[in-house]
Amino acid sequence: MKNALVIFGGVSSEHAVSCISAAAVIENIPRDKYAVYMLGITEEGAWLLYEGDTALLPEDRWLASGRCTKAVLSPDRTDHGLLVFRESGIEHLSIDVVFPVLHGKNGEDGTLQGLLEIAGMPYVGCDTLSCAMCMDKAVTNLIADFVGVPQAKWLSVTAHDYQKDPSAFRKRAEEYLGFPVFVKPANAGSSVGITKVKSRDAFFDAMETAFREDKKVVVEESVENALEVECAVIGNGDPMASVVGGIVPCDEFYTYEAKYIQADSELQIPAQVPLETQNAVREAAIQMFTALGCQGLARADFFADKKTGRVLFNEINTIPGFTPISMYPKLLEQSGVPYGKLLDRLFKLAQEK
Ligand SMILES: Nc1ncnc2c1ncn2[C@@H]1O[C@H](COP(=O)(O)OP(=O)(O)O)[C@@H](O)[C@H]1O
Ligand SMILES: [Mg+2]
């Protein structure tokens with residue numbers, strides 16, 4: 001029996017999604033192999049050991065459960081676990097493997113992974129550098145260009161440089177990319193801060209919206225008439241790519257609403273694209289996973305042109321959604337790895353790293 005720690009919540013615009021992902025993860029961890037502990041991070045950044053029901057994770061209902069105790073992950077390798085601040089004194093809880101089920105900033109961006117490295121704790125997923133590169137859309141795009149994986153034309157700009165002359169940047173973007181474009185924070189997630197800009201008049205507002213999430217913004221040519229396709233990758237040295245899934249968003253694009261609120265976007269498994277296109281996606285997914293130094297898991301997202309079948313890279317997520325409607329566990333399930341087995345495999349990969 002091993003002690004597994006699931007970390008959830010986090011100081012991130014995707015806090016709420018993490019709580020839903022974590023509940024599904026915790027419910028699917030095989031209990032004959034792992035004792036599961038839950039560490040919640042509040043939106044304010046408080047760390048709490050949660051000893052209540054997983055059903056209370058969504059909508060942060062766990063916070064009012066009376067089952068929370070302040071706890072921290074010790075950076076001290078000889079502790080190798082959690083320090084729990086009980087009324088009776090400090091309790092030491094030894095942990096064998098950690099799964100940070102945190103999306104977005106302060107969890108999927110390498111910062112928490114750095115702490116886990118210092119603590120000498122095996123953890124599920126990519127390391128500090130890989131997470132940081134995959135989190136930043138400008139850096140990921142640079143790597144895609146470098147390794148020759150096709151993607152939409154793009155530009156990036158820091159708030160500092162943009163503010164010197166917003167009109168000059170708009171002109172540059174319009175000349176290079178035209179309209180429509182997607183304006184995105186370089187570091188965010190779940191479509192937070194993203195706007196599809198169809199004309200010049202909406203450009204500045206979209207840039208402001210994106211800069212509210214990050215100090216760097218990416219502007220991309222909009223890929224039209226394409227199916228959004230996703231591929232789950234699992235493994236350390238010789239990663240495996242899953243079947244390819246397709247998404248038909250129920251909104252104008254795959255917005256936060258379409259992902260989690262309305263939740264009636266259509267998921268196709270396998271994606272309704274020719275086999276050749278699926279294979280091109282799988283190949284590019286492995287290429288990006290490898291180029292970005294990923295380990296354990298990642299979900300790579302692409303656009304597949306409905307006419308030409310051409311595949312364009314969009315982004316890669318190192319801690320993809322694990323909610324009951326999420327693509328990553330579904331794709332692996334269809335590739336012969338059911339949810340419970342998937343978690344056991346991820347924990348084993350973490351310990352092998
Ligand atoms: N260049 C693009 N062309 C067309 N649609 C895009 C483009 N970039 C993003 N989108 C749409 O916006 C959604 C969110 O963008 P994405 O880059 O995946 O950010 P996030 O990390 O927030 O998921 C995508 O799923 C897609 O629907
Ligand atoms: Mg995305």
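Helices here are DSSP runs of H or I with at least four residues, strands are runs of E with at least two, and both are numbered from the N terminus. This is a predicted model: local features need pLDDT of at least 70, side-chain atom pairs count only at pLDDT 80 or more, and totals for chains, interfaces and linings use all residues. Residues are numbered from 1 along each chain as its sequence is written, and chains are lettered from A and ligands numbered from 1 in the order in which they are written.

Helix 6 itself covers residues 166-177, twelve residues. From first C-alpha to last it reaches 16 Å, close to the expected 16 Å; the expected span is 1.5 Å times one less than the number of residues.

Now strand 1, residues 2-9. How many of its eight residues are buried? Six are, so the strand is largely enclosed by the rest of the structure. Buried means that 20 or more other C-beta atoms, placed from the backbone, lie within 10 Å of the residue's own.

Which strands does strand 1 pair with? Pairing requires at least two bridges found by DSSP. Strand 2, residues 34-41, pairs with strand 1 in the parallel sense over eight bridges, and there Lys2 stands opposite Tyr34. Strand 7, residues 97-100, also runs parallel to strand 1, joined by four bridges; Val6 has Phe99 as its bridge partner.

Notes: Buried ≥ 20, exposed ≤ 12 C-beta atoms within 10 Å, placed from the backbone.
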